Amino acid sequence: MEDPSVRRFVKDYVHDVINNSIQKALIHVTAGGSQPHDNDVAMTQTMTSDRIQGACDVMSHVDVIDSFAGVLARDCIQGGLDRVLHRSLTGKRILCVGSVCLELNTVCDKYPDEDTKTLVDEHYWSLGGNAANTATVLAYLGARTEFIGALVKSKTLDFLLNEFKESGVSFENCAYLNGEKHKSATSILLISKASKTCTTLSDYHGITELSFKQFYTLNLQHYRWIHFEGRVNNRDIPLMVDKLERYNSEQDKDKRISVSMEINHPHALCPGLTELFPKVDVIFISKEYALDSGCVNKEDAVQRLFPKCRRGASLFCTWGEQGAAAISTQGAFSSPAFQPESVADTKGAGATFNAAVLFALTSGAAVEEALVFASKIAGAKCEYRGFKCVRQIRQHFT
């Protein structure tokens, strides 16, 4: 999928460079006694009146310049430079609000039987948490991204922060908590090579979530999109969303912040989040949430829950190996799952899907295009461990 915002940026840049260069040359040739810089002197000495006339002719052929700019934009995207251009295009960030945790991964030949001893093939750490993973994937896709959450000062904090630094995710507005009074979120993951499954034991009990007070201090002018991880034990999310509603009501349309939210837990565990459906622009719901809401498949889920959304909103639902579906005023769409030839790591596939949708939508893609693009990225990611692969995968699907 080509990023239309990058193409526009490159075209505008090419136009500016050509026009400014020609105008500068004309000014110095006709200025007579002016004192240009050394580089400009060399240029004016070598440029004859014929060349100036030719340059003026080029300026008059807008279609030629436009075509050249289009080719350059394509080459930049295919060469991977879109990451840099996307960051340069706007100083505003995509902010991901939610959790971060330390994942302790254990890889076995097969899932162990109860009350047995099993030798493991490998043991390693990784960064986890839906919001942290979403921010990481967005950064590897090329977006200017920030994570905000509660970070506990502990022996593992340096590892988590280094993971953010490596992917390019900003985290300067996070809340830092005393390690003696607060606990870090951790997850133990048992990965079976035989069944290609990942069993997760999460310890989020008693952790401290980001508070509304900490969110309130943010300078919202720095963001163009804010994504919330729907946490079952965070009652402050509605307050944060309400603050964004008030902020947007005071802004011109082009300066408003788009808001998205994901709900992964069953409806019974997070009934309060359903009340936010009419207040956000994009909603991601999981298969578990949809089933608990009485839906029978992904198409049924988006059709049944879409009336709860605000006018103009989009709703996405993932359904594992059955793919994903989406709905908006543009219509209802469905995408199959894109299975890789081999599966190495399914962890974070959902966060990868969400991040790819956000990246596509902020790049100007239509809902159907964002759905298919995200399904391809999430499927291809499962062939590799972690998220670093996303950068190369993104170029492959350009």
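## T145 and its surroundings

In this predicted model, T145 touches I94, C96, A135, L138, A139, G168, V169 and S170, leaving aside residues up to four places away in sequence, where a contact means heavy atoms within 4.5 Å. T145 is found in strand β4, which spans residues 145–148; strands (E, at least two residues) and helices (H or I, at least four) are DSSP runs numbered from the N terminus.

With a relative accessible area of 1%, T145 is buried, the term standing for under 20% relative accessible area, against over 50% for exposed and partly exposed in between (1.4 Å probe, protein chains only). A polar atom of the T145 side chain lies 3.1 Å from the backbone oxygen of A143.

## Basis and confidence of the model

Residues are numbered from 1 along each chain as its sequence is written, and side-chain values use heavy atoms, with hydrogens and water left out. Since the model is predicted, local features need pLDDT of at least 70 and side-chain atom pairs count only at pLDDT 80 or more, while totals for chains, interfaces and linings use all residues.

The protein chain averages a pLDDT of 82, and 76% of the residues score at least 70, pLDDT being the predictor's confidence in each residue, from 0 to 100. Over residues 23–48 the pLDDT is below 50, and this stretch has 15 contacts in the model beyond near neighbours in sequence. Residues 86–90 also stay under 50, and the model has 21 contacts for them beyond four places in sequence.

## The chain as a whole

The secondary structure of the protein chain comes to 15 helices and 14 strands, and buried residues make up 46% of its 398 residues. Of the contacts in the protein chain with a separation of 6 or more, 70% are accounted for by residues 24 or more positions apart.

## Enclosed cavities

Rolling a probe the size of a water molecule over the atoms shows where empty space is left. On a 1 Å grid over the protein atoms alone, a cavity is a set of points where a 1.4 Å probe fits but cannot get out, and a pocket is an open set with protein on both sides within 12 Å along at least five of seven lines; lining residues have an atom within 4 Å of a point. Grid points are joined across faces, edges and corners, and a volume is the space filled by probe spheres set on the points.

The count comes to 2 cavities of 30 Å³ or more. The largest cavity holds about 150 Å³ and is lined by 17 residues, of which V100, A150, L151, V152 and A185 lie nearest its centre. The elements giving two or more residues to this lining are β5 (150–152) and α7 (157–167), with the largest share, 3 residues, coming from β5. By class, the lining has 8 nonpolar, 7 polar and 2 charged residues, where Ala, Val, Leu, Ile, Met, Phe, Trp, Tyr, Cys and Pro count as nonpolar, Asp, Glu, Lys and Arg as charged, and the others, Gly among them, as polar.

The second largest cavity has about 40 Å³ of space and is lined by V97, G98, E209, L210, E229, R231, N234 and I237, a set that divides into 3 nonpolar, 2 polar and 3 charged residues.

## The second largest pocket

About 510 Å³ of space lies in the second largest pocket; of the 19 residues that line this pocket, K253, R256, I257, S258 and D281 are the closest to its centre. β9 (223–229), α9 (237–249) and β10 (258–263) each supply at least two lining residues, and α9 gives the largest share, 5 residues. The lining of this pocket has 5 nonpolar, 4 polar and 10 charged residues.

Methods. Polar contact = N/O pair within 3.5 Å; in protein donor to acceptor, adjacent residues only side chain to side chain.
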